[in-house]
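Here is a short briefing on one protein model. Keep the structure open while you read.

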Amino acid sequence: MLHKILFHDLKRQYQNISDELREPMQEVLDSCAFAGGPFTAKFEQDFAEYCDTKFSIGVNNGTSALHLALMTLGIGNGDEVILPANTFIATAWAPSYIGATPVFVDCDEYWNIDVSKIESVINERTRAIIGVHLYGQPCNVVRLREIANYYGIFFIEDAAQAHGATFDNKKVGSFGEMACFSFYPGKNLGAYGEGGAITTDSAEYRDRLHSLRNHGSQERYHHDELGFNMRMDGIQAAILQVKLRHLEGWNARRRQIAQLYLDQIKNTAIDKPKLMSKANSVFHLFVITTENREDFRKFMEAKGIDTALHYPISCHLQKAYQNLGHQRGDFPHSEFLAEHCVSLPMFPELTDQEVNRIIDSTNEY
Ligand SMILES: Cc1ncc(COP(=O)(O)O)c(C=O)c1O
């Protein structure tokens with residue numbers, strides 16, 4: 001009997017690096033620098049260097065990163081923020097948290113925001129565009145930057161799924177005024193708990209983010225504005241610092257697995273992801289589409305292979321956003337994706353044998 005292939009097996013990676021993690025974790029425990037502190041500062045420095053940005057600001061998760069990035073830009077009541085309809089819901093929460101309205105735009109053939117559909121929704125209330133690098137593939141950051149510059153609005157990257165991806169050979173995280181990352185455990189760079197970061201080249205934004213994440217305070221017990229407790233834990237920072245050293249290798253393995261899927265899945269019932277030539281994806285997810293996905297998923301399950309859905313309901317059709325008055329049919333590509341997507345297992349520790357089994361089963365379907 002063949003073993004079950006999990007959608008994501010975090011234990012394998014932990015077993016590979018557990019020895020390397022022990023000392024830094026012990027150091028944090030011994031120094032009791034648990035909330036913020038020197039381990040967070042060191043990771044921030046390393047991560048900024050990795051992303052080719054001047055600064056990175058560690059926070060408690062990716063949702064907070066997006067929330068604080070928009071706040072830092074002074075976006076608020078009555079403003080509009082443009083974002084793709086097909087993303088994880090946290091992208092849309094960010095404007096909603098601060099009294100702004102998320103304005104959804106459909107996706108293109110790469111499943112990223114369709115840059116040709118943005119200008120028609122820009123008006124005097126529009127303050128920013130959030131471009132999401134969905135599934136690890138950079139969206140068209142060059143065009144988004146141009147549109148944002150032309151209309152005098154901000155461009156924020158949601159890079160939660162794309163640590164290390166590049167566009168025109170330049171790392172994501174460095175195209176927008178700010179970029180937001182998540183270190184949720186299953187991400188390409190994942191903490192052992194929650195974590196997130198914002199990258200930026202602006203010292204002004206960095207200072208505001210430092211204040212906002214720490215109760216609106218730069219000096220202890222002096223609170224200059226309404227702030228939050230959204231600091232990064234020392235333990236998470238120490239773990240992330242170790243894991244960052246492995247990220248390029250892990251991303252390379254993800255790309256290798258993706259290439260095998262792309263080359264060897266030849267079933268006409270399965271549509272493989274399309275890749276933009278300038279974008280170098282880090283394949284956080286490998287998402288195919290198929291006509292009858294429940295049928296396909298059952299078939300794979302019978303073969304002992306887990307699959308998942310990213311994401312089964314577009315943001316505009318979520319109950320939480322019914323106040324925006326959207327209907328089925330508003331964003332046909334996003335809705336098609338929501339109804340037909342299936343994510344195959346994708347993590348660096350998959351063995352060649354397992355990858356072959358996934359390919360063979362997909363072709364057998
Ligand atoms: C595209 C996207 N944006 C934002 C987030 C939010 O990150 P977090 O789960 O760390 O809050 C995630 C991850 O869950 C994500 O995939």
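Glu-364 touches Phe-299 and Lys-303, leaving aside residues up to four places away in sequence; contact means heavy atoms within 4.5 Å. This is a predicted model: local features need pLDDT of at least 70, side-chain atom pairs count only at pLDDT 80 or more, and totals for chains, interfaces and linings use all residues. Residues are numbered from 1 along each chain as its sequence is written, and side-chain values use heavy atoms, with hydrogens and water left out.

**Glu-364**
- Glu-364 lies in helix H11 (residues 352-364). Helices (H or I, at least four residues) and strands (E, at least two) are DSSP runs, numbered from the N terminus.
- Glu-364 and Ile-265 are 99 residues apart in sequence and 9.8 Å apart in space, C-alpha to C-alpha.

**Largest pocket**
- The largest pocket holds about 570 Å³ of space. On a 1 Å grid over the protein atoms alone, where a 1.4 Å probe fits, a pocket is an open set with protein on both sides within 12 Å along at least five of seven lines; lining residues have an atom within 4 Å of a point. A volume is the space filled by probe spheres set on the points, which are joined across faces, edges and corners.
- Its lining has 30 residues, and Phe-88, Ser-182, Tyr-184, Lys-187 and Tyr-311 are the closest to the centre.
- Domain 1 (10-244) and domain 2 (247-364) both give residues to this lining, so the largest pocket lies between them. The domain bounds come from an automatic or database domain assignment.

**Second largest pocket**
- The second largest pocket has a volume of about 160 Å³.
- H2 gives the largest share of its lining, three residues.
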